[in-house]
Amino acid sequence: MTGSTLTAIDPATGAVIREVPAASGAEIEQTLVRAEEAFDSWRRTDFSERADVLNAVAAELRRRREDFALLMTEEMGKPIGEARGEVDKAAWAAEHYAQFGAEYLAEDHIDSDATRSYVQYLPLGTVLGILPWNAPFWLAFRFCAPALMAGNTAVMKPDPHVPGCGAAIAEAFTAAGAPEGVFQTLLAATPDVEAVIRDRRIAAVSFTGSDRAGAAVAAVAASEIKPAVLELGGSDPAIVLADADLPAAAEVIALSRIINAGQSCIAAKRIIVEHGVHDEFVALLRERLAALTVGDPRDEAVQIGPIARADLRDNLHRQVTETVAAGAQCVLGGELPSGPGFFYPVTLLTGVHPGMTACAEETFGPVAAVLAVEDAEQALAIANDTPYGLAASIWSDPQRAEALARDLVTGQVAINGIVKTDPRLPSGGVKRSGYGRELGRHGIHEFVNAQQVWIGPKRG
């Protein structure tokens, strides 16, 4: 969209802090030309050269941790301590693939009627990453580190509300001496993205965001017969059974619910508690949630910053009020605050039942919804009663919980611990939470050509 502008608003104040012209048609074309030209040489580099680039970028991220963290705090309200941790985690992702990429993509030798036969994993071309605002550095490297280590080039289209973060990531690659065109940030307006996906120079797409937007991206990619990985929304259950360590469960579930002000796809959103320990657990959870500090994300003591945008906060409050109107009890928070910024209080809802808004929709904010169940069987049924299937946690005897995990329709399960993403382990969902996997060995295999090589002569 020629003439459009990307606007960053500080969610702690509501003030415009950055306005950036969206990429013009000519700039989009130049980006794709550079990516294609860079691929021809990048795909021929060996793993050690690619690793050197990723390690250099990781070092640059760590060197400028404070600057990059502050950008996140300014543009999407992440508390400064969390923001520093995100920069470090992004660097870790780059370092992980630099160390293990060659091992993950080693040839698989397979016996057949050939003298020798094997599968080698070759890059596809340029991968387009279409990313959201809620973890701009981590999600960038979750997408680009495996893609680059596999020999692809990467074009990242960040969310229009975090243009400064997107530009800073590209700057880190330049400062680290990465070859021109290997990684680029494309500050394109959303209406221009479809044409980029369709462009012949884009080989594959990685998308993180809502299921609605993911469905649109997937449809376009499929119509061009291009592979895509989708990491979409979640209504993640945390199941607390009667034999759980209740204080530990309350501590971790409270943390899971409020990281990034609750604006995380894999945060615990529906807390399903066995009836016999419900009241005790709710008291423990309430105590921990009530002790948390909401405020200016630049303040080192603040644990919860603002919601990223006014419209997102309004939607969150609608979800709370509709759930209470349907019969749930609000035992903490739930009041829309006055004053500048897009803050929302830590909120605890009890007496929640399936079908209420807080269960039927993904809640993106510091709102915990607690459901009481009679037993583990009912807990599993409610946990799976959602169109999403991203992640879940179970709090119980480890052996029992491990058996129950097989009945959860989710992409990942944490037992007696927090649900998180880790460069060493695959992450992704099922149902409307998406398809494909990121991270670990599985993630780097998403955007490669698994080429079979058969070498004769044929054996007897």
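Modeller: A term to start with: buried means under 20% relative accessible area, exposed over 50%, and partly exposed in between, with a 1.4 Å probe and protein chains only. Of the 460 residues of the protein chain, 57% count as buried.

Biologist: What kind of model is this?

Modeller: This is a predicted model, where local features need pLDDT of at least 70, side-chain atom pairs count only at pLDDT 80 or more, and totals for chains, interfaces and linings use all residues. Residues are numbered from 1 along each chain as its sequence is written, and side-chain values use heavy atoms, with hydrogens and water left out.

Biologist: How many helices and strands does the protein chain have?

Modeller: There are 15 helices and 20 strands in the protein chain. These are DSSP runs numbered from the N terminus: H or I of at least four residues for helices, E of at least two for strands.

Biologist: And which domains is the protein chain divided into?

Modeller: Domain 1 covers 5-232 + 432-454, and domain 2 covers 236-422. The bounds come from an automatic or database domain assignment. Their C-alpha centres lie 30 Å apart. The contact (heavy atoms within 4.5 Å) takes 29 residues from domain 1 and 31 residues from domain 2.

Biologist: What about contacts in the protein chain between residues at least 6 apart in sequence?

Modeller: Of those, 71% join residues at least 24 apart.

Biologist: Switching topic, what box do the C-alpha atoms fill?

Modeller: Roughly 70 × 60 × 40 Å, taken along the principal axes.
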